[in-house]
Amino acid sequence: KMNKYLITGTTTPEFASAMLGTPQNRLDLVKPFFDQVGMEIIDIFYTSSSDPNFFAICISDSDTKVEAVKNIVYASGTYRALSWSRVYSAEEYKEIYEYGHDVMSAYVSAAAASEE
């Protein structure tokens, strides 16, 4: 199953130096790398906030791949404080809570039955 992930981080002075030296669309630059790893990069966003100021959305079938990519990007020195989280659509999140609701109901019923 393919899952969506949000990778966040903060650009470093090395990132700024590289971009000032050769301004480029970083999405175009990293897409072949993500393809090579077997992941799909959806988009990259930068904000005017200082920490974090980098956000990437990608799709992968493996947490291991996402963690590996995060560490490779970190090793480049152009980002710091990198982390990732699995992200869910509104429908997926509803399904998570429906499942939790069902499990909780069954657990409460079993707990109530044991008190009788």
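Helices (H or I, at least four residues) and strands (E, at least two) are DSSP runs, numbered from the N terminus. The model is predicted: local features need pLDDT of at least 70, side-chain atom pairs count only at pLDDT 80 or more, and totals for chains, interfaces and linings use all residues. Residues are numbered from 1 along each chain as its sequence is written, and side-chain values use heavy atoms, without hydrogens and water.

**View A. The cis bond from Asp51 to Pro52.** Pro52 sits in the loop between β2 and β3. The peptide bond that leads from Asp51 to Pro52 is cis, with omega near -10°. Most peptide bonds are trans.

View B. Thr8 belongs to strand β1 (residues 3-11). Is Thr8 buried or exposed? Thr8 is buried, at 15% relative accessible area. Buried means under 20%, exposed over 50%, and partly exposed in between (1.4 Å probe, protein chains only). Leaving out residues up to four places away in sequence, Thr8 touches Pro52, Phe54, Phe55, Ala81, Leu82 and Ser83. Touching is contact, meaning heavy atoms within 4.5 Å.

**View C. Ala81 in strand β4.** Ala81 is not a glycine, yet its phi is positive, about 55°. Most residues other than glycine have a negative phi. Ala81 is partly exposed, with 47% relative accessibility.

**View D. The crossing of α2 and α3.** Two packed helices are described by the angle and the distance between their axes. The axes of α2 (residues 26-37) and α3 (residues 63-75) come within 11 Å and cross at roughly 140°. Axes are lines fitted to C-alpha atoms, for helices over the stretch in contact, and angles run from 0 to 180 degrees between N-to-C directions. Phe33, Phe34 and Val37 of α2 meet Lys65, Val69 and Ile72 of α3. These contact residues comprise 5 nonpolar, no polar and 1 charged. Ala, Val, Leu, Ile, Met, Phe, Trp, Tyr, Cys and Pro count as nonpolar, Asp, Glu, Lys and Arg as charged, and the others, Gly among them, as polar.

**View E. The largest pocket.** A pocket is an open set of points on a 1 Å grid over the protein atoms alone, with protein on both sides within 12 Å along at least five of seven lines; lining residues have an atom within 4 Å of a point. Of the 17 lining residues, Val30, Phe34, Phe54, Val73 and Tyr79 are closest to the centre of the largest pocket. Which helix gives the largest share of the lining? That is α2, with 5 residues. By class, the lining has 13 nonpolar, 2 polar and 2 charged residues.

Methods: 1 Å grid on protein atoms, 1.4 Å probe; cavity = no way out; pocket = protein on both sides within 12 Å on 5 of 7 lines; lining within 4 Å.
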